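Thanks for coming, everyone. Please have the structure open.

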Amino acid sequence: MGCFTFVKVVMVVFNLLICLAGMCLAAAGIWVTVDGDSFMKILPPFTDDYQNHVNVGIFSITIGAVMTLLGLLGCCGAQKESKCLLIMFFSIVLIICIAETAAAIVALVYSSYTEIILKAWATPGLKEQYGKDKILTNLWNSTMTTLQCCGFSNYTDFSESYYYEQNGLYPPTCCAGSELFPCDEDNADFSNVVGCFKQIVQIVQSKISIVGGIAAGVTAIELAAMGVSMYLYCYLDKKAT
């Protein structure tokens, strides 16, 4: 088997896998859209109402369709030895790679502003909607219980909030031993339960090697796909001349 034939087979198999993964993701999205009730039961923190706000099904169908089309484009380009399809495949993967790199750079540059931006978004919701909006309340309760945290920064996020005005207390997760003592300001201050943002940052930092490995793997696959498609394109272009 010659080098060109081997690379061509690798290109076809690789893109068939991408196509298959895309179809599986799209199928899952269709399942969520058609029979969302049974699917959302797999995710206890979420409710039927939450599904209406975050349409997981449409998102999955869209990403799955893009992956399927990209896989078919690369597969057909290699199988039919079409320079046009191969250069289209290369261009699309290159655009995706550039977009990911730009997003990573922006995330690094503005990482110091992340807490400020998220706090400006999250704190008003806690003060005005926690205890009033069922969806938001359930999501925050699930987050605070799972991560053993309180509010975005700490218990003071609930000071002068709708929940505090209605109950005169802070959420139970803001106090240690809240099943024995009321979670008032003194107990909340004494418990000093950490905010959820700090907990999430600690979790991400502890898993940074996994995140970095996934990012490196995805980048390597994209570079390999571009390299293979460009090799085939150059070979066919040279063969044509």
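**Disulfides**

Let me start with C149 and C196: they form a disulfide, with their sulfur atoms 2.0 Å apart. The term disulfide here means a pair of cysteine sulfur atoms within 2.5 Å. A quick word on the source. This is a predicted model, so local features need pLDDT of at least 70 and side-chain atom pairs count only at pLDDT 80 or more, while totals for chains, interfaces and linings use all residues. Residues are numbered from 1 along each chain as its sequence is written, and side-chain values use heavy atoms, with hydrogens and water left out.

Back to that bond. The torsion about the S-S bond of C149 and C196 is about 80°, so this disulfide is right-handed. C149 lies in the loop between α7 (134-147) and α8 (162-167), and C196 in helix α10 (residues 196-206), so the pair ties together parts that are 47 residues apart in sequence. Helices are DSSP runs of H or I with at least four residues, strands are runs of E with at least two, and both are numbered from the N terminus.

Are C149 and C196 buried or exposed? C149 is buried, at 0% relative accessibility. C196 is buried too, at 2%. The cut-offs: buried is under 20% relative accessible area, exposed is over 50%, and partly exposed is in between, with a 1.4 Å probe and protein chains only.

How many disulfides does a search of the whole structure find? It finds 3. Another one joins C150 and C174, with sulfur atoms 1.9 Å apart. The torsion about the S-S bond of C150 and C174 is about 75°, so this disulfide is right-handed. C150 sits in the loop between α7 and α8, and C174 in the loop between α8 and α9 (185-191), so the pair ties together parts that are 24 residues apart in sequence. Both C150 and C174 are buried.

Next, C175 is joined to C183, S to S 2.0 Å. The link of C175 and C183 has 80° about the S-S bond and is right-handed. C175 and C183 are both buried. Count the bonded cysteines along the chain, and the pattern reads 1-6, 2-3, 4-5.

C19 counts as buried, at 7% relative accessibility. For C24, the closest cysteine sulfur is in C19, at 9.7 Å, again too far for a bond. C24 is partly exposed, at 48%.

**Rings**

Now the aromatics. The count comes to 7 aromatic pairs. Rings of Phe, Tyr and Trp (its six-membered ring) pair if their centres lie within 6.5 Å; planes under 30 degrees apart are stacked, over 60 edge-to-face, and the rest tilted.

Take F4 and Y235. Their ring centres are 4.1 Å apart and their planes are at 20°, so the pair is stacked. The pair links distant parts of the chain: F4 is in helix α1 (residues 3-34) and Y235 in helix α11 (residues 208-240), 231 residues apart. F4 is buried, at 12% relative accessibility. Y235 is partly exposed, at 35%. Ring pairs also bring in Y231, so that F4, Y231 and Y235 form a cluster.

K132 lies over the face of Y162, at 4.8 Å from the ring centre. The rule: NZ of Lys or CZ of Arg within 6 Å of the ring centre and within 35 degrees of the ring normal.

**Backbone**

Which residues to check for phi? E81 has a phi near 55°, a positive value in a residue other than glycine. E81 lies in the loop between α4 (56-79) and α5 (83-109). E81 is partly exposed, at 30% relative accessibility. N192 also has a positive phi, about 50°, and is not a glycine. N192 is in the loop between α9 and α10. N192 is exposed, with a relative accessible area of 61%.
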